[in-house]
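Welcome! Take a moment to look over the sequence and the 3D view below, and then let us walk through the fold together.

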Amino acid sequence: MLEPLFEWISTLSVSQAIGESLWMYPLIQAIHLVFLAMLLGALLLVDLRLLGMGFSKQPVSQVARDARPWLIGGLIGMVLTGVPQLMQNAMREYFAQFFWWKMYFLAAALVFTFTVRPRATQGTAVPGYGKVVGLVSIGLWS
C-alpha cells in the first residue's frame, strides 16, 4: 500500500543527492544522534523522577515542565533529520522489518508520552501510578 510512496520518495532529486554525497548522509546521521540524546535525556530525567530516583527535592511536575522544551526540541530535530535519512534509503527501509517495528514502537511511545505520561507528572491519587508510567515509558522508548 505504501510502496508507491516509498518508490516516489526514492526518485526525488534530494533523495539522490543525499545518497550521492560523501558527507551529507553521515552529517545528517550525526545530528540525528544529537537530537536523539536530547530527546532521550529529557524523557529519562522525568521517568527516573517518576520512579523516585533523582531530583527528589523538586516535584515531578516541575521536572517535567523544565524538561519539556528539550523533549519537544529533540523530537522536532529527530523528525527533521529522520526524514532525509528515510529519503536516502526509502526502498531499503520499506522492505526492512526493523524499520516498521521501530515506527510502531515510535508511534506507541509518542502517544503514551503525550497522553498518559502528562497525567502522571501532575500527580495522582493512585499509589504507584507514576512508577508504572515511568517504567512503561522507558520500555517504549528503549
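## The overall picture

The protein chain has seven helices and zero strands, where helices (H or I, at least four residues) and strands (E, at least two) are DSSP runs, numbered from the N terminus. This is a predicted model, in which local features need pLDDT of at least 70, side-chain atom pairs count only at pLDDT 80 or more, and totals for chains, interfaces and linings use all residues. Residues are numbered from 1 along each chain as its sequence is written, and side-chain values use heavy atoms, with hydrogens and water left out.

The C-alpha atoms of the protein chain fill a box of roughly 55 × 30 × 15 Å, taken along the principal axes. Of its 142 residues, 33% count as buried; buried means under 20% relative accessible area, exposed over 50%, and partly exposed in between (1.4 Å probe, protein chains only). Among contacts (heavy atoms within 4.5 Å) between residues at least 6 apart in sequence, 74% join residues at least 24 apart.

## Where α2 meets α4

How is a pair of packed helices described? Two packed helices are described by the angle between their axes and the distance between the axes. Helix α2 (residues 13-20) and helix α4 (residues 60-88) pack at an angle of about 85 degrees, with their axes 8 Å apart. That makes α2 roughly perpendicular to α4 (angles under 35 degrees count as roughly parallel, over 145 as roughly antiparallel, 65 to 115 as roughly perpendicular and the rest as oblique). Axes here are lines fitted to C-alpha atoms, for helices over the stretch in contact, and angles run from 0 to 180 degrees between N-to-C directions.

On the α2 side, V14, S15, I18 and G19 meet P84, M87 and Q88 of α4. The residues of this contact divide into four nonpolar, three polar and no charged (Ala, Val, Leu, Ile, Met, Phe, Trp, Tyr, Cys and Pro count as nonpolar, Asp, Glu, Lys and Arg as charged, and the others, Gly among them, as polar).

## A closer look at A67

A67 is also found in helix α4. Is A67 buried or exposed? With a relative accessible area of 7%, A67 is buried. Not counting residues up to four places away in sequence, A67 touches A42 and V46.

## One side of α7

The buried residues of α7 are G130, V133, G134, S137 and W141. They cover an arc of only 100 degrees around the axis, which puts them on the same side of α7; the arc is that of the directions from the helix axis to the C-beta atoms. These buried residues pack against α3 (24-50) and α6 (97-121).
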